[in-house]
Amino acid sequence: MATVSLRGVNKSFGKLDVIKDISLDIEEGEFVVLIGPSGCGKSTLLRMIAGLEDISSGELQIDGKRMNEAPPRERGISMVFQSYALYPHMTSEANISFSLKISGVPETERKEKVQHAAGILGLSTYLNRLPRQLSGGQRQRVAMGRAIVREPSVFLFDEPLSNLDAKLRVKMRAELKELHQKLNTTTIYVTHDQVEAMTLADRIVVLRDGVVEQMGAPLDLYDKPANAFVGTFLGSPSMNLFDGIIKDEDTQTVHLPDGDSFALPRPASHRGRVQAGIRPEDLKLVSQSADDTISAEVVVVEPTGSITEVVLRKAGQDFTITSSERLDLRSGETVHLAANRNATHVFEMDARLA
């Protein structure tokens, strides 16, 4: 295990700044997920840690040692990529042991390491198979086995599950978490999938345009997002944003353009134009209109089995609620909703999300 520290790290491609003054400390054995939309810089940051991209400025330390100029092989890391990158003519055993072979590790030791990794990953009966004889999940486990046998101080994962189907992704997610619990190796994992981030991470780092928007434990970020971007990025369905106004004489109410309003649990620190954020599960259907309710038109009802998602429209803006009940609603009808005031967030207006 090792610590990883970034100190004021920047990355530029010509005049384009893609990583902007990022500082981050990752503890021994910690599982940290870098998440953000496409183009936010998460994979670039991972490649900088791996030594596959140069650092324009700032410092990278692994276990307290400066690694800016160190070649990848001297950093004590193993990386698992989005593509399996397996040699098609080699068996699983040969693929897993290849890096050990070219490093001059004796055959007996190689076999021991391969058997150990295969036992952890459930591959013991597949070692003689070629990649074409394996499922997608088995191929990804072979790629992980190749990383495990090197016994690295740090694992780097670059969207390793994105090529798998939905059911297999859920299974592999659980296997990855179990793998980390067994090995307890420091892990940095890149994904754009917020469900992966929430379920795998000890700590999440949310990136946008090369800047860290917020970092913290998954449920802390879910319950207390620093801004509207983090609030809407984490959670499925996404947090609803309502444009409104907070008046100087009434700082515990967000007034919506159509005259409805949201009550707040405490006086807001923001004034003027704001965005009220409410998660779909914190808006409940009520039977009639009242001072503390809002009205909206039903657009689409989407039963998913365990929950029902309802898309509603208010003043030309669509938003979503979820319910564990089997709702009997029809498109076009007007419904009334009450918000959980203790779960209502107020954010400064973000022009990129407005």
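Arg146 lies in helix α4, which spans residues 136–148; helices (H or I, at least four residues) and strands (E, at least two) are DSSP runs numbered from the N terminus. The model is predicted, so that local features need pLDDT of at least 70 and side-chain atom pairs count only at pLDDT 80 or more, whereas totals for chains, interfaces and linings use all residues. Residues are numbered from 1 along each chain as its sequence is written, and side-chain values use heavy atoms, with hydrogens and water left out.

Arg146 is buried, that is, under 20% relative accessible area, where over 50% is exposed and values in between are partly exposed (1.4 Å probe, protein chains only). The side chain of Arg146 reaches the backbone oxygen of Tyr84 at 2.9 Å. Apart from neighbours within four places in sequence, Arg146 is in contact (heavy atoms within 4.5 Å) with Tyr84, Ala85, Leu86, Asn95, Ile96 and Ser99.

Lys247 is partly exposed, with a relative accessible area of 37%. When residues up to four places away in sequence are not counted, Lys247 touches His255 and Arg271. The C-alpha atoms of Lys247 and Glu59 are separated by 46 Å, the two residues being 188 residues apart along the chain.

Definitions and conventions: Lys and Arg count as positive and Asp and Glu as negative; His and the chain ends are not counted. A salt bridge is a side-chain nitrogen of Lys or Arg within 4 Å of a carboxyl oxygen of Asp or Glu. A polar contact is a pair of N or O atoms within 3.5 Å; within protein, one must be able to donate a hydrogen and the other to accept it, and residues adjacent in sequence count only if both atoms are side-chain atoms.
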